[in-house]
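Hi,

Here is the structure I promised to hand over. Please have a look, then read my notes below.

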Amino acid sequence: MPKDGSELRLDGAGMPMWLTCELTYRCPLNCPWCNNPLDFDKYKNELTTEEWKRVLREGRAMGSLQLGFTGGEPALRDDVEELIAYAEELGYYTNLITSGMGLTKERLKAMKNLGLKQVQLSIQSSNRDICNALVGAEAYDHKLELAHEIKALGFPLVLNIPVCRQNIGQTEDILSMAEDIGVDYVEFANLQYYNWALLNRPEFLPAREQLECAEAIVNKHRARDGNKMTIYFVIPDYYADRPKACMNGWGAIHLTIAPDGAALPCQEARVIKGVEFPNIRDYPLEWIWHEAPVFNKFRGDDWMKEPCRNCDERGKDFGGCRCQAFLLTGDAANTDPVCSKSPLHEVIESAVVEAINPDRQQRPIVMRRKGSITTRFLKTA
Amino acid sequence: MTEAIEAISIKAGNIFEMDPKYLFRWEEPQQSYVMLYPEGVVKLNETSAAILQLCDGKHTIEEIISKLSKKYTTDVSDSVNKFLEVSHAKGWIRIKA
């Protein structure tokens, strides 16, 4: 899956080069920063194997190249193997983005033979207790064992660490663990605050000093390891002066298909209310990508308001993230408030002040779990 | 630092091969060669692709230069060496033992 803040800039020439298939919202873990919708359990009508195959076929015909199977936990679907084989036949570079739960050495081996190119495995800590507490399950031992199996099978392994206040102090230990496994890419993905992560933001957002400390450790390892192990360190944009070039621009190179077939310009897009996301059950993918109003809504820069409209950096960051603008300012067409030029930048500053205030009332962390919050009165799109 | 050391170590007799993490192939919709790897795609121009095609574990750098100099009817040694150094530093190719 492409990262926010990824160093890679790529002109897709109008093609959805990056296709993300969220096979299911179901997951055995309860990660409290999950980017699935808060009402994830309401989506029951997952696409069938044949419907996913049509998505893959139509995506490939439009030039999709990088394919990510994700979720929820994609391995909960027993047709992942079949979809991997089909994707290979079509010529995708296929990536499995997994928590590791539900995967075994045998399944991975079969997937390798069927053409899976890469595995991205999440691990939350180098400490068993902290890892298990963060995901709400006994997961650490299995994840660690699986990481070794993935390498033994010859996959390039991306180890993804969702970074929050609870684990940022373990950066050194996590890197040692990654070196020990023989990981190819370590991705310190500081949480991006949408959905469940936003709900828990005051408990998760680290202080600037913690980030700087972690980044210094990362830089030390980078100098030592060279390109034996590539380390990405994605800072939380709350501490950036300019917004991330989210998704390389709306509807530019990324296309996400949600478990129920809704087509989204990014995995979080469902948080934006008042717009209609077309479903692949109703429209051909080609129409969706090129013609659907929601995909055209924030393409290019005609939609921009001030200060983006006349900003000389608008071609660089595209005004930041539409979802973040919607969630924090109420209008998806506003400048991402992360930008210090945003007239509403104060919402970011006050979030940081709240998070780092040692005397604030601590809140319990809400785990991603059906029933842990009521979504009954949530407005739906 | 590391990159500089590796770059200097390239010699005319070296034989390169693709690092197995990278998948190099023709991509019809892009009408170009691409390099695919975890989290990334690099679209290659014609000359870069011509060099990488010869990083097949068989050709020495000398042979690559002589082949491509013939093909493009000009001395390409500088640009080939430079491209190989960069590709090696990026980890796309590795020296075959």
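**Notes on the backbone and packing**

B:Thr73 counts as exposed, because it has 7 C-beta neighbours inside 10 Å. The cut-offs: a residue is buried if 20 or more other C-beta atoms lie within 10 Å of its own, exposed if 12 or fewer, and partly exposed in between, with C-beta atoms placed from the backbone. This is a predicted model, so local features need pLDDT of at least 70 and side-chain atom pairs count only at pLDDT 80 or more, while totals for chains, interfaces and linings use all residues. Residues are numbered from 1 along each chain as its sequence is written, and chains are lettered from A and ligands numbered from 1 in the order in which they are written.

Back to B:Thr73. Its phi is positive, about 45°, although it is not a glycine. Most residues other than glycine have a negative phi, and most peptide bonds are trans. B:Thr73 sits in the loop between helix H3 (61–71) and helix H4 (77–90) of chain B. Helices (H or I, at least four residues) and strands (E, at least two) are DSSP runs, numbered from the N terminus.

B:Gln31 is not a glycine either, and has a positive phi of about 50°. Its loop runs between strand S2 (23–27) and strand S3 (32–37) of chain B. B:Gln31 counts as exposed because it has 9 C-beta neighbours inside 10 Å.

Now chain B as a whole. It has four helices and six strands. From the N terminus, their order is α-β-β-β-β-α-β-α-α-β. Of its 97 residues, 25% are buried. Take contacts (C-beta atoms, placed from the backbone, within 7 Å). Among those in chain B between residues at least 6 apart in sequence, 56% join residues at least 24 apart.

On to chain A, and two cis peptide bonds. One runs from A:Gly71 to A:Gly72, with omega near 10°. A:Gly72 lies in the loop between strand S2 (66–70) and helix H2 (80–90) of chain A. Another links A:Glu306 to A:Pro307, with omega near 5°. A:Pro307 is in the loop between helix H11 (293–296) and helix H12 (314–317) of chain A.

Which residues of helix H4 (128–135) of chain A are buried? They are A:Cys131, A:Leu134 and A:Val135. They lie on the same side of H4(A), because they cover an arc of only 85° around the axis (taken from the directions from the helix axis to the C-beta atoms). These buried residues pack against helix H5 (140–152) of chain A. Just after H4(A), A:Gly136 has a positive phi of about 70°.

Best wishes

Methods. Contact = placed C-beta atoms within 7 Å.
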